[in-house]
Amino acid sequence: MKSNTQYPNVMVMDHPLIQHKLSILRDVGTGAKVFRELVKELAMLMAFEATRGFQLTETTVTTPITETTTYVLAGKKVAVIPILRAGLGMVEGILELIPAARVGHVGLYRDPETLQPVEYYCKLPEDIGERDILIVDPMLATGGSAAAAVQFLRERGARSINLLVLIAAPEGIEEVVKNCEDVCIYTCCVDSHLNDHGYIVPGLGDAGDRLFGTK
Ligand code: PRP
Ligand code: URA
């Protein structure tokens, strides 16, 4: 994992397994079943890296041989917040790694004309302010949806916010960094640019449609 030198809060996950899976994900010939599996696996690998900074505390364990000092997570409370609908595809992989995490949902869609995010649902864990938050969404395009999600969460008391996206456009990174400077962004790749319809180039097309087979 390396930080994007332009933005210290942007981490690009250049692990070979991540890059390999991302290539298959991008392929127009990859069907919904494999696409879903890859999104889940990529989310799990990303969460593995993104939680590297979690604090540990000492404990004592008795092995079959002897008693020893070992380390466990220091009571970390995590919330995974998918941006509906495509973010849903990333939840299961993360829960397999962090089964005690709570899941909140933020429903946003991007108006196809204005490209502005429209909120239609929000349900969060009650103690959201005490949790480390992983907002998940496969795509960071204009950044409007992610910035709006961060704003909703802040209004509801969230403090520690990380954003996990599979592919980011430079425009989206710029937007989130500008509006949410203390949010750490994790991405597998920073792509070239957005096309006239606000799609990431080269990207992978419409993540929600490919996940759920709606087109
Ligand atoms: C996609 C994607 C992000 C958003 C990114 O969702 O999953 O949420 O677009 O675009 P932005 O950075 O320009 O806001 P979409 O609005 O297509 O909804 P869906 O997940 O329901 O398909
Ligand atoms: N939403 C997507 O699903 N894909 C993009 O490229 C941009 C926004």
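Predicted model: local features only at pLDDT ≥ 70, side-chain atom pairs only at ≥ 80, totals over all residues.
Residues are numbered from 1 along each chain as its sequence is written, chains are lettered from A and ligands numbered from 1 in the order in which they are written, and side-chain values use heavy atoms, with hydrogens and water left out.

**The pocket**

The search runs on a 1 Å grid over the protein atoms alone; a cavity is a set of points where a 1.4 Å probe fits but cannot get out, and a pocket is an open set with protein on both sides within 12 Å along at least five of seven lines. Lining residues have an atom within 4 Å of a point.

Next select Tyr109, Arg110, Ser145, Tyr199 and Asp206, the closest to the pocket centre of the 31 lining residues. Then colour β5 (78–84), β7 (105–110), β10 (139–140), α4 (144–155) and α6 (207–212), the elements that give two or more residues to this lining. Helices (H or I, at least four residues) and strands (E, at least two) are DSSP runs, numbered from the N terminus. Coloured by class, the lining holds 15 nonpolar, nine polar and seven charged residues. Ala, Val, Leu, Ile, Met, Phe, Trp, Tyr, Cys and Pro count as nonpolar, Asp, Glu, Lys and Arg as charged, and the others, Gly among them, as polar.

**Ligand 1**

Return to ligand 1 and show its shell of 15 residues (a heavy atom within 4 Å). The closest are Arg110, Asp137, Thr142, Gly143 and Ser145. β7, β10 and α4 each give at least two residues to the shell, and by class the shell has six nonpolar, five polar and four charged residues.

For polar contacts (pairs of N or O atoms within 3.5 Å), begin at Ser145, where a side-chain N or O atom is 2.5 Å from an oxygen atom of ligand 1. Polar backbone atoms of Arg85 and Ala86 each have an oxygen atom of ligand 1 at 3.0 Å. On its own ligand 1 has 500 Å² of accessible area (Shrake-Rupley method, 1.4 Å probe), and the protein covers 90% of it.

Stay on Arg85, in the loop between β5 and α3 (91–97). The peptide bond from Leu84 to Arg85 is cis, with omega near 0°.

**Ligand 2**

Around ligand 2 are Arg110, Met139, Ala141, Gly198, Tyr199, Ile200, Gly205, Asp206 and Ala207. This shell divides into five nonpolar, two polar and two charged residues.

Backbone atoms of Ile200 and Ala207 each provide a polar atom 2.8 Å from an oxygen atom of ligand 2. At Gly205, a polar backbone atom is 2.8 Å from a nitrogen atom of ligand 2. Ligand 2 exposes 240 Å² when taken alone, and the protein buries 87% of that.

**Two backbone stops**

Move to Pro202, in the loop between β14 (200–201) and α6; a cis peptide bond joins Val201 and Pro202, with omega about 0°. Finish at Leu115, in the loop between β7 and β8 (117–123), where phi is near 65°, a positive value in a residue other than glycine.

Definitions and conventions. Polar contact = N/O pair within 3.5 Å; in protein donor to acceptor, adjacent residues only side chain to side chain.
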